[in-house]
Amino acid sequence: LRSFQTIYSILGVPLSDLPTLTNFAAIRSNGSATATEASNANDELLKYMAGLVDKRLSAPKNDLISLLVNEQLKPGHLNKDDVVQIAFLLLVAGNATMVNMINLGVVTILQHPDQLKDLKKNPQKWSPKFVEELCRYHTASALATKRVAKEDVVIGGQTVKKGEGIIAATQSGNRDEDVFPNPDVFDMRRVRGKEEALGYGWGEHRCVAEWLARAELEIVFGE
């Protein structure tokens, strides 16, 4: 619940709307709904965010949507659809990924009672290390990096022809045995060097809310 409240408060979504929006977010992403139900839930969330953008156009507040409206929409840098899509992305990405990682973290730490003991004994020391390993071992958006080749290219000895699509599975990179010894073992005591896991993506498309997500996870597993 706290993870929902955090992103909702940043965006400026009234907490009274949390139950309804949380339900729509769950329907669109939990995999158990029909395609029609998921699509309808998606449309309802977009419609809601569009209405909230309209409200901030007439009555700005101290929140992120108002900031987008005042600094991007009104000067003409972005149109309304752009602002709605950005707000929508922050809403759903800030919800689903965080909820999933918290759930995965709870299950994972219960599967490793020796590490749980250390975490409970000294949460300030081990919480950041636990979160770092959690985001390597599990990846909230493992198959989200989709690309289409603009020209023929050879990657890892395999030719990807112009127009062909690939999915760069960040989860696979996080389990690369050439980078992480015993990659299929969860170990928050893992000695890390300069290598970085791909839990938050890489390069210019790296998650803009990485440090917010890390902070939330560290608080959850540090309490």
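A residue is called buried when its relative accessible area is under 20%, exposed when over 50%, and partly exposed in between (1.4 Å probe, protein chains only). Arginine 56 is buried, because its relative accessible area is 6%. This residue belongs to helix 3. The structure is a predicted model, in which local features need pLDDT of at least 70 and side-chain atom pairs count only at pLDDT 80 or more, while totals for chains, interfaces and linings use all residues. Residues are numbered from 1 along each chain as its sequence is written, and side-chain values use heavy atoms, with hydrogens and water left out.

The chain contains nine helices and four strands. Helices (H or I, at least four residues) and strands (E, at least two) are DSSP runs, numbered from the N terminus. Their order along the sequence is α-α-α-α-α-α-α-β-β-β-β-α-α. Along the principal axes, the C-alpha atoms fill a box of roughly 55 × 50 × 35 Å. Of the 223 residues, 33% are buried. The accessible surface is about 13,400 Å², and carbon and sulfur atoms hold 55% of that area. Accessible areas come from the Shrake-Rupley method with a 1.4 Å probe; for residues, only the protein chains shown count as cover. Contact means heavy atoms within 4.5 Å. Among contacts between residues at least 6 apart in sequence, 58% join residues at least 24 apart.

Phenylalanine 24 lies in helix 2. Its contacts, with the same exclusion, are Ala41, Glu44 and Leu45. Phenylalanine 24 is 42 residues from serine 66 in sequence, and their C-alpha atoms are 23 Å apart.

In soluble globular proteins, nonpolar side chains tend to be buried together. A nonpolar core is a set of buried Ala, Val, Leu, Ile, Met, Phe, Trp, Tyr and Cys residues joined through side-chain atoms within 4.5 Å. The largest such core has 22 residues, and Tyr8, Met49, Val53 and Ile65 make the most contacts inside it. At least two residues of this core come from each of helix 1, helix 2, helix 3 (35–58), helix 4 (64–73) and helix 5. Methionine 49 contacts Ile65, Val84, Ala87, Phe88 and Leu91, apart from neighbours within four places in sequence. A second, separate core has 17 residues, including Ile102, Leu119, Val131 and Leu134.

Pockets were located on a 1 Å grid over the protein atoms alone; a pocket is an open set of points where a 1.4 Å probe fits, with protein on both sides within 12 Å along at least five of seven lines, and lining residues have an atom within 4 Å of a point. The largest pocket has a volume of about 1,300 Å³. Its lining has 38 residues, with Tyr200, Gly201, His205, Arg206 and Cys207 nearest the centre. Helix 1 (2–11), helix 5 (80–110) and helix 9 (210–222) give two or more residues each. Helix 5 has the largest share, eight residues. By class, the lining has 25 nonpolar, ten polar and three charged residues.

The second largest pocket holds about 260 Å³ of space. It is lined by 15 residues, and Ala25, Ser29, Ala96, Thr97 and Asn100 are the closest to its centre. Here too helix 5 gives the largest share, six residues.

Conventions
Points joined across faces, edges and corners; volume = space filled by probe spheres on them. Nonpolar A, V, L, I, M, F, W, Y, C, P; charged D, E, K, R; others polar.
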